[in-house]
Amino acid sequence: VGALAANLHEGSRSEYLAQYVFASFGTAISVPHQEDVGTDLYCTLTERIGQLAWPRYHYTVQVKSSMSPWVFGSVESVRWIVQHPLPLLLCVLDKSTARLRLYHTFPRFLVWVTGTILPSRLELIPEDTKVGRSTQWQDNTTFSLGAPIIDYTIQELLDDAVFNNAKAVLDHWLFEETQSLRRVSMGLPVFGMPHEYETNGLTKGGFVFQ
């Protein structure tokens with residue numbers, strides 16, 4: 001009583017930093033650890049109209065502190081991410097450099113729309129590159145998440161121009177994911193995303209439907 005393990009909060013520090021960033025885009029509610037079933041933050045992206053901020057998108061974020069693959073090791077775990085009803089983003093936050101990399105999770109749509117039998121394992125791999133492509137079919141269990149859609153340090157995000165660009169990029173991807181969620185939830189097995197994109201930028205080239 002009166003003390004705690006020295007490294008107890010190391011894993012939470014990335015979540016604290018991520019919550020600070022996402023709260024600047026709108027609202028960000030941290031999920032208590034005892035209630036965590038796979039997402040760390042419930043967020044909204046807001047738009048300011050006059051003196052009020054109105055929610056435009058609701059989305060969820062899973063925060064990691066390393067670039068290791070995000071692994072789902074059972075059919076039910078795969079079902080959870082594939083059928084997650086809100087836009088879902090993976091955030092990799094390096095505490096030592098305060099660098100935030102944000103990834104889409106569109107491979108889950110490819111698993112969802114290509115059959116009724118879910119794999120017993122799913123591995124999503126973030127890449128540290130600057131140009132990404134639309135989700136590519138591999139072996140139904142391992143998918144690259146491609147380049148991050150946003151890659152800035154927290155210090156860089158304090159600049160108004162950088163912050164506004166990051167918010168526009170986030171808005172762009174949330175719109176596309178919301179549209180795909182609507183299609184699939186209505187029984188239309190189609191999702192769409194940019195054919196190519198640049199980190200911290202918008203669509204580069206055409207648009208792909210799968």
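**Contacts and overall size**

I looked first at contacts in the protein chain, where contact means heavy atoms within 4.5 Å. Of the contacts with a separation of 6 or more, 58% are between residues 24 or more positions apart. The model I am reading is predicted, so local features need pLDDT of at least 70 and side-chain atom pairs count only at pLDDT 80 or more, while totals for chains, interfaces and linings use all residues. Residues are numbered from 1 along each chain as its sequence is written, and side-chain values use heavy atoms, with hydrogens and water left out.

I then checked the radius of gyration, taken over C-alpha atoms, against the globule rule of 2.2 Å times the number of residues to the power 0.38. A compact globule of 210 residues would come near 17 Å, and the protein chain has 17 Å, which agrees. The C-alpha trace spans about 50 × 45 × 30 Å along its principal axes.

I noted burial next: buried means under 20% relative accessible area, exposed over 50%, and partly exposed in between (1.4 Å probe, protein chains only). Buried residues make up 45% of the 210 residues.

**Strands and sheet**

I counted 5 helices and 13 strands in the protein chain. These are DSSP runs numbered from the N terminus, helices being H or I of at least four residues and strands E of at least two. Two strands pair if DSSP finds at least two bridges between them.

I traced an open sheet of 6 strands with mixed pairing, in the order β1-β2-β3-β5-β6-β10. Its edge strands are β1 (26-30) and β10 (150-153), each pairing on one side only. Neighbouring strands are turned by 30° against each other on average, direction ignored; the axes are lines fitted to C-alpha atoms, for helices over the stretch in contact, and angles run from 0 to 180 degrees between N-to-C directions.

I followed β6 (residues 99-103) to β10: the two run antiparallel and are joined by 4 bridges. Arg99 stands opposite Thr153 in β10.

**Ser14**

I found Ser14 in helix α1 (residues 10-25). Ser14 counts as buried, at 2% relative accessibility. Leaving out residues up to four places away in sequence, Ser14 touches Val63, Ser65, Leu93 and Lys95. A polar atom of the Ser14 side chain lies 3.4 Å from the backbone oxygen of Leu93. For a polar contact I used a pair of N or O atoms within 3.5 Å; within protein, one must be able to donate a hydrogen and the other to accept it, and residues adjacent in sequence count only if both atoms are side-chain atoms.

**Cysteines**

I looked for disulfides, meaning pairs of cysteine sulfur atoms within 2.5 Å, and the structure holds 0. For Cys43, the nearest cysteine sulfur is that of Cys91, 9.5 Å away. Cys91 is likewise in no disulfide. Cys43 counts as buried at 3% relative accessibility, and Cys91 is buried at 0%.

**Positive phi**

Ala98 has a phi near 55° and sits in the loop between β5 (88-94) and β6. Ala98 is partly exposed, with a relative accessible area of 22%. Asn200 has a positive phi of about 65° and lies in the loop between β12 (196-198) and β13 (207-209). Asn200 counts as buried, at 18% relative accessibility.
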